[in-house]
Amino acid sequence: MSAKSEVAAGQSGVVVDIAGLHKSFGDVHVLKGIDLRVQEREVVCIIGPSGSGKSTLLRCVNLLEQPSSGTVELLGIDVTDPDVDIDAVRTRVGMVFQAFNLFPHHTVMGNLVLAQRKVLKRSKAEAEEVAWANLRQVGLGDRATFYPSELSGGQQQRAAIARALSMNPALMLFDEPTSALDPELVGDVLAVMRDLAIEGMTMMVVTHEMAFARDVGDRVVFMDDGAIVEQGPAAQVIGSPQTDRARIFLKRVLDPTHIDDSEIGQTEPDDPT
Ligand SMILES: Nc1ncnc2c1ncn2[C@@H]1O[C@H](COP(=O)(O)OP(=O)(O)O)[C@@H](O)[C@H]1O
Ligand SMILES: [Mg+2]
């Protein structure tokens, strides 16, 4: 099965082990001591308000950001070790962002083949064979010769997933992969992600799609202000959050029109008369 992780985790079955992770940008302390371990085949959904550090956390896992302190182990390798081969590490981690980041001047097939040939040194024939399998997997078997601009946002995002899968990652990171999509295109992308999860891909998914997190996530991690405030089985965290901060956040995302009682009456407009 092409889309499935080919490399087994270490004997412990741990794919990612984050310990005491801090990240600051100048004076801004964004991640304040994150401890998080992701097991092989586990799907961890990360939720939380905007600015809480979710993207920064994912970016520290594949070293798009250098952690300020703490460690990130990927398949038993400490990626924060200055001697580590960063490029070798990155090839083990597939990442799909909110914005569709396909190369616009390459066809879909070109996008899927490029890194396989350059980074993995695969032959053209092998790279194309892998690409075809992954395009079929995401329902784009008939779009190989199209350019990104000729695809819908949902198709572009599925192509981006197929491209990441073509590198045979041990871990897939998703950062709000559906939040830039028109609502009617969201379902196809989530369905592809659900299939991947069922096939056993290890995944960290930042998402505001609570139904997806509840149904597909093995675990939900709620972040606020640079820290993990609450985590547990998806149904528990989403269905009966234990902390006020998670409760307030979930009320807002599950019912955006909801106004918390405590917010009413605090900002009485001045009587203009
Ligand atoms: N490259 C950067 N330089 C400075 N501040 C940053 C940078 N990236 C993120 N931040 C800040 O870190 C905080 C967390 O951002 P982010 O991880 O994107 O949160 P989230 O994904 O949860 O919305 C925000 O206050 C943001 O402004
Ligand atoms: Mg973000």
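Predicted model: local features only at pLDDT ≥ 70, side-chain atom pairs only at ≥ 80, totals over all residues.
**Helix 6**

Helix 6 covers residues 183–198, 16 residues in total. Helices here are DSSP runs (H or I, at least four residues), numbered from the N terminus. From first C-alpha to last, helix 6 reaches 24 Å, close to the 22 Å expected at 1.5 Å a residue. The expected span is 1.5 Å times one less than the number of residues.

Next I checked burial. V186, V189, L190, V192, M193, L196 and A197 are buried (under 20% relative accessible area, 1.4 Å probe, protein chains only). Seen down the axis, these buried residues fall within an arc of 155°, so they line one face of helix 6. The arc is taken from the directions from the helix axis to the C-beta atoms. On the other side, E184 and I198 are exposed (over 50%).

**Ligand 1**

I then turned to what surrounds ligand 1. Its shell includes F25, V30, P49 and K54, where near means a heavy atom within 4 Å. The shell divides into 3 nonpolar, 6 polar and 1 charged residues, with Gly counted as polar. Helix 1 (residues 54–61) gives the largest share, 3 residues.

I listed polar contacts (N or O pairs within 3.5 Å). A ligand oxygen is 2.5 Å from a side-chain N or O atom of T56. For the side chain of S55, the distance is 2.9 Å.

**Notes**

Residues are numbered from 1 along each chain, with chains lettered from A and ligands numbered from 1, in written order. Local features need pLDDT of at least 70, side-chain atom pairs 80 or more, totals use all residues, and side-chain values use heavy atoms without hydrogens or water.

Notes. Polar contact = N/O pair within 3.5 Å; in protein donor to acceptor, adjacent residues only side chain to side chain. Helix = DSSP H or I, 4+ residues; strand = E, 2+ residues; numbered from the N terminus.
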